[in-house]
Amino acid sequence: GSLDSDVAALTDFRLAADPSGFALASWNLSTNPAPCGGAWRGVTCAGGRVTRLVLEGVGLSGAAALPSLARLDGLRVLSLKRNAFSGEIPDLSPLAGLKLLFLSRNALSGPIPPSLGKLYRLYRLDLSFNNLSGVVPPELGRLDRLLTLRLDSNRLTGGIDAIALPSLQELNVSNNLMSGRIPAAVASFPASAFGGNVGLCDVPLPPCKGEAEPNASGAAVNASAERDCPPAAAMVAASSPSGKAEAPGSGGGGKGKMSRAAVVAIVAGDFAVVGLVAGLLFCYFWPRLSGRRNGRRLQQGEKIVYSSSPYGAAGVVAAATAGAGGGATFERGKMVFLEDLSSSSNGGTRRFELDELLRASAEMLGKGGSGTAYKAVLDDGTVVAVKRLRDTGTTPAASPSKKEFEHHMAVLGRLRHPNIVPLTAYYYARGEKLLVYEYMPNGSLFSLLHGNIKLNAELKRVNCGAGNRGPGRTPLEWAARLRIASGAARGLAYIHNSGRRGSGTPKLAHGNIKSTNILIDRFGVARLADCGLAQLGSSLAAGVGYRAPEAPPPPRPWASHKGDVYAFGVVLLELLTGRCPGSELPNGGVVVELPRWVQSVVREEWTSEVFDLELMKDKGIEEEMVAMLQLALSCAAAAPEQRPKIGYVVKMIDEVRACGEASYESVDESSGVSDSPAVSEGGALSQ
Ligand SMILES: Nc1ncnc2c1ncn2[C@@H]1O[C@H](COP(=O)(O)OP(=O)(O)OP(=O)(O)O)[C@@H](O)[C@H]1O
């Protein structure tokens, strides 16, 4: 291919798509001899080839135009949305470098060509709002870099197994004629992504025909009833092989001899009764014994104490119900579950009461500025993360009233987005506030970058220099770092725009962006944790090194959009350098202000020295790293007014991801290519 062959292909396209010659009048070699100079509408070049063709809503049509575009083999971006193209989608497999393909809102018909599966570099594919029919070709399942797949509002049939791609961040197959079970890999998308297909079933849609809705709470009730105090008779019955209680001597075919089963039943029954009595005695005496052993009465703020020892938890249950040491009365609150209004099935949140939570085995995940986080495993194996908020009554920050707290929880409960850790429930009592979140099993960005080294609790600093990483850590490759950056930026954009959706939600800022608050869910997607806690006055020790220069000194709680962008810039620098604020330099110094350190190295023209050595094995990413470094430094600018808005940051990260080979300067912001899943057709930020 050459520019000449590109021009020939574009000319053929123009003749077929724009017979009147108005829309593409600028594509004229006699008046505009240089197609790459920006004079040809919608055409962008790099390295002497046409790399982007963006013609959105300009009134093009025809069935014969698209095949000529398959000759533009240098193309990275092709967007023809909101036109009137008809006919079948041609074989575009010669466009091997294509990263973004938008053909939505045309009149395309026929099947989705399996040859699209050869465009293995595709990040975004949008074929929505056409007349496409047939099944989704299994070849699309090969597109393992795909972040966005929109096939909604067509006439597609069959199942969606082929497109259950783990990397997807945006999926929409709604309003088709599809059927079958929704694969688990995409079940975390909202119901709206699958709605309007009468035959699709399973989470997040209702269960498939013939399958009962799982009765998690019922199962849990039975399980706990069995565990707590099963009646002895029932236990005898349960131990009988027939499932019925048999009187001793009544079995064995009536030969006057006790059957083996009856003997087993009696022995098991005896053990059960002894166990039950022992359990009751234990429940009665343990709180008193443990209280005496501590030699003091439980203090109000210590009543709910998690421990990996079940005894600690048992003592707490007893204290909660009976009143500690017989003295102070305990205000018993209740667990309040927050509905997921974005999902018809409420995301399958399992409900439970406080005592079940206290019974759960618990493991401390860490102690932060706002409180202590635990991983708790409930009776039925459900895993949740519980944050016990620091008792703000003992801090200089004003403690919110119950009403304020409940109102704020309702606001936070409405924050539902693929890049936000959902708050599912809370518990409020005087001196005790627990927040229940979905558990994120793949650690935090901090642990992925620096290993499992512990934070220094007092200073909130850690020696996480690039040369000092935890043992047994797997290096984090560049593509994964970019994916995490993109997910976290999207989550933050969602929070910053939360007040805009006319839902009565106030304007929110995160207030505590840092790498320990960027968690990785079971699908490897980055999600922001601790959203909106700053507004509760809880994030008292927002990480040293992430706090914007204009912020008041800690511990005063503070949150602003500009402050979040600053902190996000520091996180980007952390991703790029492998260092975090507080890391040690080879000369023994300590980097507290990561942005200032990076700036000084860049000023000395040692830019390549700042990058994480671990990234050196990823080939051909230098330009992307430099582009990200510029973005990170602009976010972490000392002057708040110089920092970009998070929506712009989302867009730029996606540009870097999608157009890695194109130079950073050639990114055309005015093209209108809405390649971010956070940006809707109309350009507005969406969920
Ligand atoms: N929902 C969750 N699932 C899994 N791990 C979590 C969850 N929430 C928090 N964690 C982990 O628990 C640890 C402690 O979290 P916590 O939020 O209490 O402290 P922090 O993030 O260090 O500081 P801060 O309270 O200032 O946000 C962190 O390492 C965090 O990654």
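1. Let's start with the ligand. The shell around the ligand has 10 nonpolar, 11 polar and two charged residues. In that count Ala, Val, Leu, Ile, Met, Phe, Trp, Tyr, Cys and Pro are nonpolar, Asp, Glu, Lys and Arg are charged, and the others, Gly among them, are polar. A word on provenance: this is a predicted model, where local features need pLDDT of at least 70 and side-chain atom pairs count only at pLDDT 80 or more, while totals for chains, interfaces and linings use all residues. Residues are numbered from 1 along each chain as its sequence is written.

2. Which residues come nearest to the ligand? Of the 23 around it, these are Leu-365, Gly-366, Gly-368, Gly-369 and Ala-385. A residue is near the molecule when its C-beta atom, placed from the backbone, lies within 6 Å of it.

3. The most comes from β17, with three residues. Strands here are DSSP runs of E with at least two residues, helices are runs of H or I with at least four, and both are numbered from the N terminus.

4. Is Lys-387 buried or exposed? Lys-387 counts as buried because it has 23 C-beta neighbours inside 10 Å. The cut-offs are 20 or more other C-beta atoms within 10 Å for buried, 12 or fewer for exposed, and anything in between for partly exposed, with C-beta atoms placed from the backbone. Leaving out residues up to four places away in sequence, Lys-387 touches Gly-371, Ala-373, Leu-435 and Tyr-437; contact means C-beta atoms, placed from the backbone, within 7 Å.

5. Now to the open sheet. Seven strands form it in the order β1-β2-β4-β6-β8-β10-β12, with mixed pairing, where two strands pair if DSSP finds at least two bridges between them. The edges are β1 (43–46) and β12 (170–172); each has a single partner strand, so one side of each lacks a neighbour in the sheet. From one strand to the next, the twist averages 15°, using axes fitted as lines to C-alpha atoms and angles from 0 to 180 degrees between N-to-C directions.

6. Within this sheet, β2 (residues 49–54) and β4 (residues 77–79) run parallel and are joined by three bridges. Leu-53 has Leu-78 in β4 as its bridge partner.

7. Most residues other than glycine have a negative phi, and most peptide bonds are trans. Phe-129 has a positive phi near 55°; it lies in the loop between β8 (124–126) and β9 (131–135) and is buried, with 21 other C-beta atoms within 10 Å.

8. The loop between β14 and α3 holds Asp-202, whose phi is positive at about 85°. Asp-202 is partly exposed, with 17 other C-beta atoms within 10 Å. Pro-204 is also found between β14 (199–201) and α3 (216–228), and the peptide bond from Val-203 to Pro-204 is cis, with omega near 10°.

9. For overall context, the protein comes to 15 helices and 24 strands. Buried residues make up 42% of its 687 residues. Among contacts between residues at least 6 apart in sequence, 54% join residues at least 24 apart.

Terms used
Contact = placed C-beta atoms within 7 Å.
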